[in-house]
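Colleague: Please take a close look at the ligand site for me. Keep it simple and spell out your terms.

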Amino acid sequence: MDITKLDQAVKLIRKAKYAVAFTGAGISVESGIPPFRGKHGLWNKVDPIFLEIEYFKNKPLQSWKIIKEIFYDKLNNIEPNIAHKVLAKMEERSFLETIITQNIDHLHQKAGSRYVYELHGTYKQLVCTECSSEFDISFANLDFLPPTCYICKGILKPDIVFFNEPIPAFAKKRSFEEAKKADLMLIIGTNAEVLPAADIPVVAKENGAKIIEINIKETHFTKEITDFYLQGKASEIMKEIGKKLYL
Ligand code: NAD
Ligand code: ZN
């Protein structure tokens with residue numbers, strides 16, 4: 001860990017008037033959720049087709065079987081790690097305004113963060129493909145797949161953004177507004193290779209924000225927009241940042 005750089009990053013955080021975090025799968029890796037891409041990524045084990053919206057519409061049972069196995073059988077028992085917790089403390093102590101996340105795992109909220117925009121939806125909610133009713137996952141019985149709507153018996157879909165599905169309009173609008181307001185953005189654990197998510201830090205930068213990036217390896221942001229690149233695991237770096245901010 002580069003202590004000088006870390007100190008400079010902490011100075012920036014202290015000075016910032018409107019800091020926003022932008023997080024991806026990497027922040028949850030140490031909670032036990034694998035990312036999609038990379039050496040230990042999910043796509044090395046399963047075919048991403050089951051997350052395509054057309055596939056889901058045509059074969060909801062097959063799609064649900066895999067989604068249940070990779071997300072639902074695990075996610076309820078998974079806990080936020082120190083990186084999620086430090087972000088929640090930063091919000092509590094007014095060092096951070098909001099979090100924009102591409103994750104669907106609800107771990108930011110579980111850690112105590114209140115202002116979280118979920119660009120790619122959440123596993124916590126199911127939505128009816130017929131009548132659009134929404135249900136908390138605690139009401140669903142996933143022993144019988146696919147789960148069906150209590151109102152119209154339509155098939156329920158996880159409220160996550162499938163491939164070829166649009167981003168939820170409200171989260172998208174708010175995320176770009178936050179990016180424009182930010183004078184500091186912390187990018188944590190994301191390649192952000194898909195649009196529009198990939199544009200969010202760029203918009204922040206164009207509007208004058210400084211960029212701190214935390215990742216185990218460089219991304220396309222590192223050379224293009226990052227001011228302070230802190231290389232390492234999200235948990236280790238965020239733990240140090242937390243200490244230096246006396247959280
Ligand atoms: P990604 O899978 O493309 O990339 C993960 C990133 O995290 C990489 O840059 C990698 O270097 C970094 N990383 C891995 N371990 C790390 C660690 N311990 N500390 C810091 N960084 C680490 O993920 P993505 O760019 O976020 O986007 C892919 C899509 O996958 C997103 O839309 C997201 O919704 C979805 N996804 C979500 C979850 C989740 O909710 N936890 C898990 C997998 C995928
Ligand atoms: Zn319904």
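Modeller: Start with Arg37. One of its polar side-chain atoms lies 2.8 Å from an oxygen atom of ligand 1. That is a polar contact, meaning a pair of N or O atoms within 3.5 Å. This is a predicted model, where local features need pLDDT of at least 70, side-chain atom pairs count only at pLDDT 80 or more, and totals for chains, interfaces and linings use all residues. Residues are numbered from 1 along each chain as its sequence is written, chains are lettered from A and ligands numbered from 1 in the order in which they are written, and side-chain values use heavy atoms, with hydrogens and water left out.

The backbone takes part too. A backbone N or O atom of Ala192 is 3.2 Å from an oxygen atom of ligand 1. For Gly26, a polar backbone atom lies 3.4 Å from a ligand 1 oxygen. Taken alone, ligand 1 exposes 850 Å², and the protein buries 94% of that. These areas come from the Shrake-Rupley method with a 1.4 Å probe.

Now the surroundings. Ligand 1 is surrounded by 26 residues, each with a heavy atom within 4 Å of it. Gln102, Asp105, His120, Asn191 and Asn215 are the closest. The shell divides into 10 nonpolar, 11 polar and 5 charged residues. Here Asp, Glu, Lys and Arg count as charged; Ala, Val, Leu, Ile, Met, Phe, Trp, Tyr, Cys and Pro count as nonpolar; the others, Gly among them, count as polar.

Terms used: A polar contact is a pair of N or O atoms within 3.5 Å; within protein, one must be able to donate a hydrogen and the other to accept it, and residues adjacent in sequence count only if both atoms are side-chain atoms.
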